[in-house]
Amino acid sequence: MNKNKTIQKKKLWQHPWRYKESFLVVMELALLGLIFEVLTGGKGAPQLQWPVNAIVGVLIISSVGIIYYKYRKNPVIKWLASVPAAISAISFFAIVSLLLGFIPQDVDSGSRFVNMLGLSHMKNSWLMMVSGLYFLIALGFVTMRRSLPLNRKNIGFLLNHAGLWITIAAGYLGAGDLEKKNLRLVEGNEATNIAMNMRTGTMDELPFSVQLLDFNIEDYNPKIAIVNASSGTLVEEEGNTIQIIEEGLKTNLLDWEVEILEFMPDAFALIGKDEYVAKDSMGSAPAALVRATHSGSGTVHEGWISCGSFGVMFASLELGNNTILAMTTPEPQKYSSDLVIKDNELGDTEVRVEVNKPYKHKGWKLYQLSYDERMGKWSQLSVMEAVRDPWLPLVYTGIFMLLAGAAYIFWTGNKTKG
Amino acid sequence: MDWINFPAYAGITFLSWFLGASLIGFSSKGKWIENTGLGLIILGNLVMILFAVLLWIHLERPPLRTLGETRLWYSIFLPFVGIITYFRWRYKIFMYYALAMASLFLMINYTNPETYSKTLMPALQSPWFVPHVIVYIFAYAVLAFSSVIALAGLYQVYYKQLNAIVLKLADNLVYVGFAFLTLGLLFGALWAKEAWGHYWTWDPKETWAFLTWLAYLGYMHFRHFQPKKVKAPLWALSVAFIVLLICWFGINYLPSAQNSVHVYS
């Protein structure tokens with residue numbers, strides 16, 4: 001072999017390793033992940049729980065630290081802390097996420113092949129585990145290499161790289177300790193501490209009990225729309241086909257001039273008559289007296305419409321040509337639950353929990369999850385979700401480091417390469 | 001639409017942009033011509049901002065929910081990025097691109113008038129809603145720019161000589177865009193924790209946002225390692241934008257996204 005050529009063109013696997021070697025390593029790791037998945041019967045990687053996950057985390061950190069400290073001159077370690085290794089790790093993670101983004105997850109794919117390789121449960125597949133581990137190891141080494149000794153110049157580097165490391169490591173390792181439990185509360189029932197564990201499907205006890213005093217729901221006004229009578233779908237053409245109802249509203253829907261003559265947010269139909277009476281009690285539904293005038297022919301239709309409920313029949317106005325003027329079911333504007341949290345140590349607390357406003361109690365967060373949608377605003381059932389995530393402070397530490405790191409990137413741009 | 005006349009606002013905006021852009025074309029004839037042009041472009045933008053504010057007040061909710069509403073914000077942010085880039089780099093072509101794209105978005109909104117709906121599902125009623133979406137739209141606008149610059153760079157590579165300033169500009173935009181992409185992603189995570197109980201659920205939109213983030217992350221590392229190589233990063237930047245587009249509205253069509261909270265009309 002020509003000597004000059006060997007100097008210019010290094011052989012495969014000859015150090016320093018670059019892109020080719022990095023991607024070959026990734027391919028081997030991916031293969032390894034798939035083999036593990038098949039060997040374990042497509043059940044996915046075990047989800048580590050306390051204290052095993054903490055031990056594994058400490059082991060990864062300390063081994064990366066010790067190995068870097070002792071063997072930083074070793075070409076393999078140098079490679080692991082290099083950009084080609086980083087890019088291969090990013091790509092590996094990206095491909096795993098891509099599979100996750102394309103293949104519907106957590107539903108039976110119907111294909112034994114897909115299930116066996118873990119492609120329908122990527123989140124806890126061996127492939128994800130392997131790619132995550134490779135990502136963390138490469139990221140760990142480069143963080144060591146570039147952040148030490150720490151000074152003002154590499155603070156941005158540290159925030160971004162260590163922040164990402166902490167976020168991913170804490171998120172992945174902590175997933176096994178995440179507890180999600182659903183409480184089904186009914187107005188008038190006694191306080192309960194029995195909740196359904198969403199992972200195992202078992203009924204578990206919470207360290208406190210909850211009583212539902214009142215479930216509240218505020219609806220938007222319903223909408224009025226021109227609907228295809230046989231399919232029940234909106235007639236979509238250029239222009240307006242749907243509008244929110246308000247008393248006195250005059251609007252144009254397609255070729256119709258529509259007027260809301262009367263609107264009752266809570267009403268009941270009078271039996272045998274085309275007439276409604278306003279009454280705010282269990283089972284009522286919104287109703288409106290509408291007049292539609294065709295802008296071309298001048299044809300007029302007038303009558304009561306209602307979206308209906310379990311206590312009121314659906315009613316619409318026929319416009320001909322297989323179209324009707326109908327009222328949509330009102331969309332909830334906000335819903336909330338008034339609760340009493342009963343705790344043996346802390347006593348009783350009255351709280352209101354609504355969407356986006358969870359309540360914190362003893363390391364648990366209580367969320368407003370859902371209600372009985374068939375009953376709508378008359379629902380007496382409120383489903384709360386109790387979530388406990390002991391790793392959250394660590395994840396947030398990582399996230400806040402990344403936020404600071406993003407501000408740093410924005411501020412300095414790519415001028416500092418340090 | 002009787003309460004707020006979108007065609008009028010869009011018309012005034014389009015006219016001032018068009019006049020402004022034409023004047024900038026003759027910027028060599030005098031400083032005042034250039035300044036008048038810039039002034040007109042900024043005026044057009046202010047009119048669009050006014051419209052967005054009025055819409056916000058009328059709807060009693062942030063107009064950030066539907067695709068049409070996000071297009072409105074693009075037609076505000078793209079010229080904004082164009083103006084800033086112009087002040088910094090004096091690149092007319094990007095100003096023209098920004099104005100053309102913004103006008104296109106206005107045109108789409110004009111030909112597809114939306115039924116502006118006041119309703120906003122409870123999960124979206126959060127202080128996080130506005131920062132999350134605005135930061136994302138800004139990031140997308142900046143990154144869209146970097147891709148156009150990459151395309152211009154590719155043209156130069158193959159048919160002329162690459163102007164070094166092109167990659168530098170692209171890099172700067174990617175860094176700014178990436179910072180905002182990171183903020184958007186993390187704001188989303190913090191919000192999700194408050195709204196749904198977990199910061200990350202691999203919802204399809206999350207997955208694709210993460211993929212977009214990884215794509216630009218890869219680009220930045222590649223550029224850092226081999227700043228002399230130009231063809232590969234230019235191609236990568238052009239392709240990264242496709243991932244971003246899938247994330248923006250392609251999600252609605254993916255089979256894996258049928259239960260996503262991010263699928264909007």
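Predicted model: local features only at pLDDT ≥ 70, side-chain atom pairs only at ≥ 80, totals over all residues.
Colleague: What share of the residues in chain A is buried?

Modeller: Of the 418 residues in chain A, 48% are buried. As for the surface, chain A exposes about 22,000 Å², and 59% of that area is supplied by carbon and sulfur atoms.

Colleague: What about contacts in chain A, how many of them join residues at least 24 apart?

Modeller: That holds for 56% of the contacts in chain A, counting those between residues at least 6 apart in sequence.

Colleague: Changing topic to charge, how many positive and negative side chains does chain A have?

Modeller: Chain A carries 39 positive and 40 negative side chains, and 26 Å separates the centres of the two sets.

Colleague: How many salt bridges does the structure hold?

Modeller: Over all chains there are 16 salt bridges, and one of them pairs the side chains of A:Lys10 and A:Glu21, at 2.7 Å from N to O. A:Lys10 sits in the loop between helix H1 (3-8) and helix H2 (19-39) of chain A, while A:Glu21 belongs to helix H2, so the pair ties together parts that are 11 residues apart in sequence.

Colleague: Are those two buried or exposed?

Modeller: A:Lys10 is partly exposed, at a relative accessible area of 28%, whereas A:Glu21 counts as buried, with 2% relative accessibility.

Colleague: Which parts of the chain does the pair A:Glu331 and A:Lys223 link?

Modeller: The side chains of A:Glu331 and A:Lys223 form a salt bridge, at 3.0 Å from N to O. This pair links distant parts of the chain, 108 residues apart, with A:Glu331 in the loop between strand S12 (323-327) and strand S13 (332-343) of chain A and A:Lys223 in strand S4 (residues 223-228). A:Glu331 counts as partly exposed at 31% relative accessibility, and A:Lys223 counts as buried at 13%.

Colleague: Which residues are joined into one network?

Modeller: A:Glu179, A:Lys181, A:Asp204 and A:Arg388 are joined into one network by salt bridges that share partners.

Colleague: And in chain B, what do B:Arg61 and B:Glu69 do?

Modeller: Their side chains meet in a salt bridge, at 3.0 Å from N to O, and both B:Arg61 and B:Glu69 are buried.

Terms used:
Residues numbered from 1 in each chain as written. Chains lettered and ligands numbered in written order. Heavy atoms only, no water. Buried < 20%, exposed > 50% of the residue type's maximum accessible area, 1.4 Å probe, protein only. Contact = heavy atoms within 4.5 Å. Areas by Shrake-Rupley, 256 points an atom, 1.4 Å probe, with all protein chains shown as cover. Lys, Arg positive; Asp, Glu negative; His and termini not counted. Charge placed at Lys NZ, Arg CZ, Asp CG, Glu CD. Salt bridge = Lys/Arg side-chain N within 4 Å of Asp/Glu carboxyl O. Helix = DSSP H or I, 4+ residues; strand = E, 2+ residues; numbered from the N terminus.
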